[in-house]
Amino acid sequence: MLVDGKPNNEQQTTNNYITMKLYLKIWRQKDASSPGKIVDYTLDGVEGDMSFLEMLDILNEELVSKGEEPVEFDHDCREGICGTCSLQINGEPHGPDRLVTTCQLHMRKFNDGDTIVIEPFKAKAFPVIKDLIVDRSAFERIQQAGGYISVNTSGNTVDANAIPINKHDADEAMDAATCIGCGACVAACKNASAMLFTSAKVSQFALLPQGRIEAVERVQNMVRQMDLEGFGNCTNTGACEVECPKGISLTNIARMNREYLSASLKG
Amino acid sequence: MSGLIKSSIARKVVMALSGLFLVVFLTQHFTINVTSVIDPETFNAWSHFMGYNPLVQFVLQPILIAGVVIHFVMGFALEIQNKKARGGSYVKYKGGANAPWVSRNMIYSGLVVLAFLVLHFYDFWVHEMAYKYIEVSPEDPTRYYHETVEKFEPFWRTILYVVAFVLLSLHLWHGFASSFQSMGWNNKYTPAVKTFTKLFSVVIPLGFAFIALYHHLNPITQ
């Protein structure tokens, strides 16, 4: 907000109205089989109220106008709800802010003259497709292995709302279901473990009566698929929980471990 | 069953259970060691009991060694698996922004503790085995106190022990509470478990370090 043509006191604490010159170090990789490298770019005139992806859009416009290949990156809704955007920004997935995706990260979080290192999420199970785009279909295969419930659709379907569920369980299931599958947990974890994602998808069903019917097979199949994809093992550092844009809790991993042990004992 | 052994969660549980078993052993070890500072006769009596009781020697001791081996072999196996899972390193990785140093460096604190165990086994266990089974020396229930104190006469050994106890403290700081999470135990008691973990991981290693320093500073003069 401008007061007498100048930023007011509140706004002066941010970088909204200051244009910034940024030094970008961006991972460029032609395709999955080519080696990648960091390429330096200098971008001037970046405004604080731009989103991080808009900043990259500006860079790409400049690159295209110069006849250079634009930087490829994933994006879709740009509203923080689809889980498509990614990016390891200055060593953290989705950048330095908490509980936001890259598309919701604003340039006011950076300062004039900053150097920003931008890399793809790195994991053996997330191979680079091009530049900053990685293949996260491993998550889809984990979901397909058991992240569903069977519902009778013969006309005698019981309305979900007719089944009593205590509020605590309903809330926890809903919290787990807010996972957007972006892969920040894998990117942040020093072991590239996918246990926060998998546990959220196990938990959202495990807590509800509709999910109990296939509970034993679900957790076993999803964990087996997770292991097959080549993700690392959880060592409880908690990095995933801190970096998750949806605040998925580590309690979900404990629940998945319980579910798995109980399923294994049942055979 | 083979699927279970290969499963990431089963491996976590193996690490957790063996780790908790070693925590119980540490408590017992510390309880006996601390008597060497309070009352040498009690220390001698306990040490003699531990050294000659068949249940301790032929059942509990092999279980303990198995516990140590399982914990570090599984730890190495998981570390290798986890390193492979990254598939190349980041140009910039800000691990400190989202996870404590101790939790990210368990392999290094564990390796120091393992190296210490080699020295510790050489110092006491190898000596004990030689005394009993190679030299076939007679039982002497009064020898343990002065043998222990003599071990801490060299400054270098005392310092190595103290350094290892600091790393043991860091290892426990993350590992103890973490083992409950691995076994699926994260509930309203978790804050209490975390507080107890911090107390335990400071008090026990500090106590071990105190015992080593006490004996170094109070040698037996004859």
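Predicted model: local features only at pLDDT ≥ 70, side-chain atom pairs only at ≥ 80, totals over all residues.
Residues are numbered from 1 along each chain as its sequence is written, and chains are lettered from A in the order in which they are written. Local features need pLDDT of at least 70, side-chain atom pairs count only at pLDDT 80 or more, and totals for chains, interfaces and linings use all residues.

The complex has an ipTM of 0.93 and a pTM of 0.93 from the predictor.

**Helix α3 of chain B**

Helices are DSSP runs (H or I, at least four residues), numbered from the N terminus. A residue is buried with 20 or more other C-beta atoms within 10 Å of its own, exposed with 12 or fewer, and partly exposed in between; C-beta atoms are placed from the backbone.

| Feature of α3(B) | Value |
|---|---|
| Residues | 40–52, 13 residues |
| First to last C-alpha | 18 Å |

Phe43(B), Asn44(B) and Ser47(B) are buried in α3(B). They sit on the same side of α3(B), because they cover an arc of only 100° around the axis. The arc is taken over directions from the helix axis to the C-beta atoms. The face turned away from the buried side carries exposed Glu41(B), Phe49(B) and Tyr52(B). The cover over the buried residues includes α2 (8–38) and α7 (144–151) of chain B.

**Ile165(A)**

Ile165(A) lies in the loop between α3 (137–144) and α4 (167–177) of chain A. Ile165(A) counts as partly exposed because it has 15 C-beta neighbours inside 10 Å. Leu207(A) is 42 residues away in sequence, yet 9.2 Å from Ile165(A), C-alpha to C-alpha.

Notes
Helix = DSSP H or I, 4+ residues; strand = E, 2+ residues; numbered from the N terminus. Expected span 1.5 Å × (residues − 1). Contact = placed C-beta atoms within 7 Å.
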